[in-house]
Amino acid sequence: MTAELSLGTYRVRAVSQAASTALAAGSPWVDTAPNYAHGRAHEELRPLLREYPTVRVATKAGFFTEEQGRTALADGMLIREEAAGRHSLERGFVRWQTERSLATLGRVDLMFVHNPEHDGQGLDRTALHGRVREAFTALEEFARTGRIGGYGVATWSGLTSEMFSVPELLTLAREAAGTAEHHFTGLQMPVSLITDAPITQALNGGGPLVQAKDAGLITFGSAPLHGGALLDAMTPELVHLIRPGLSAAAAALLAAGSCPGLDVVLTSVSTREHWDDAAKALAAPLTAQELRRVTDELAGE
């Protein structure tokens, strides 16, 4: 099984244009955040989400823009020092931000706690885990009443830096819920040929993606092109090794999307041609043997 190609709106300048293309092409998920597109992403998505009522929506809690911080400060949800930091996992703020996201988007199927390791700068692991538990507690309230479908963690470096692990996040979710019946349902992390540790770990039957899948979580791979930086490394020889005839972008997406244990691979392509190019490649995933050949080649460089 290959991962489902879905729209990620990080670093997308024209969110409505990218979403129009992706949703028309059948993207099953839209992944966004309140601070994306300088704080405009949710507003740009709102009319399209009404037009496509079956697409699933993932957004995030934690980061905010300067303007959103001023509003939170005025509403008494943050103190001035917190507003200046542009990131908070305080229970009251997470609740406030989630309410605003629901009001704008109309629905949220999955609410990610956004890069909790950012909130943990200068903290030890125990203190960071306490912050994450607080955020989970707020989101459990929304999930328990059916206002969001579930919640999870979207991280850039928290797993690789060992600030937390998937088993630890599951423990925090159980503690937040006060029962084993929690609503922690998703994990998002970078998966690409640059950040390929999750791929090699999954090929060997371990790592966070396998742990997440074993726990029944939905797994999302972000930054499959590593913000575009990967394209410079996609030599004709590497593309040919992945699959002859593909574009560099499609080959990179195919490698990420073929990672064992990955359910969704996020892309920010904005044209139908590029979307169809990627979707066609992902329709025939690499076998584990083929993918291992690629990672072994990169490891030997």
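## Exercises on helix packing and a parallel barrel

Helix H1 (residues 15-24) packs against helix H2 (residues 41-51) at an angle of about 35 degrees, and their axes are 9 Å apart. The model is predicted, so local features need pLDDT of at least 70 and side-chain atom pairs count only at pLDDT 80 or more, while totals for chains, interfaces and linings use all residues. Residues are numbered from 1 along each chain as its sequence is written, and side-chain values use heavy atoms, with hydrogens and water left out.

**Exercise 1.** Determine the handedness of the crossing of H1 and H2 and list the residues in contact.

*Solution.*
Step 1. Helices (H or I, at least four residues) and strands (E, at least two) are DSSP runs, numbered from the N terminus. Axes are lines fitted to C-alpha atoms, for helices over the stretch in contact, and angles run from 0 to 180 degrees between N-to-C directions.
Step 2. H1 passes H2 in a right-handed crossing; a crossing is left-handed if the near helix is turned anticlockwise from the far one by less than a right angle, and right-handed if clockwise.
Step 3. H1 contributes Val15, Ser16, Ala19, Ser20 and Leu23 to the contact, and H2 contributes Ala41, Glu44, Leu45 and Leu48. Contact means heavy atoms within 4.5 Å.

**Exercise 2.** Describe the barrel and trace the pairing of E5, E6, E7 and E8 within it.

*Solution.*
Step 1. Eight strands form a closed barrel in the order E1-E2-E3-E4-E5-E6-E7-E8, with parallel pairing. From one strand to the next the twist averages 30 degrees.
Step 2. Two strands pair if DSSP finds at least two bridges between them. Strand E5 (residues 151-154) runs parallel to E6 and is joined to E6 by four bridges, with Gly152 opposite Gly186.
Step 3. Between E5 and E6 the chain passes through helix H8 (residues 166-177), in a right-handed β-α-β crossover. A crossover is right-handed if, with the strands pointing away from the viewer, the path from the first strand over the helix to the second runs clockwise.
Step 4. E6 is joined to the parallel strand E7 (residues 218-222) by five bridges. Gly186 stands opposite Ile218, and Gln188 has Phe220 as its bridge partner.
Step 5. Two bridges join E7 to the parallel strand E8 (residues 264-267), where Val265 is the bridge partner of Gly221.

**Exercise 3.** Are E6 and E7 mostly covered or mostly uncovered?

*Solution.*
Step 1. Buried means under 20% relative accessible area, exposed over 50%, and partly exposed in between (1.4 Å probe, protein chains only).
Step 2. Strand E6 (residues 184-190) is mostly covered, with six of its seven residues buried.
Step 3. E7 is also mostly covered, as four of its five residues are buried.

**Exercise 4.** Classify the ring pair of Tyr151 and Phe184.

*Solution.*
Step 1. Rings of Phe, Tyr and Trp (its six-membered ring) pair if their centres lie within 6.5 Å; planes under 30 degrees apart count as stacked, over 60 as edge-to-face and the rest as tilted. The whole structure holds eight aromatic pairs.
Step 2. The ring centres of Tyr151 and Phe184 are 5.9 Å apart and the planes stand at 75 degrees, so the pair is edge-to-face.
Step 3. Because Tyr151 lies in strand E5 and Phe184 in strand E6, the pair ties together parts that are 33 residues apart in sequence.
Step 4. Tyr151 counts as buried at 0% relative accessibility, and Phe184 counts as buried at 3%.
Step 5. Elsewhere, ring pairs link Trp29, Phe112 and Phe220 into a cluster.
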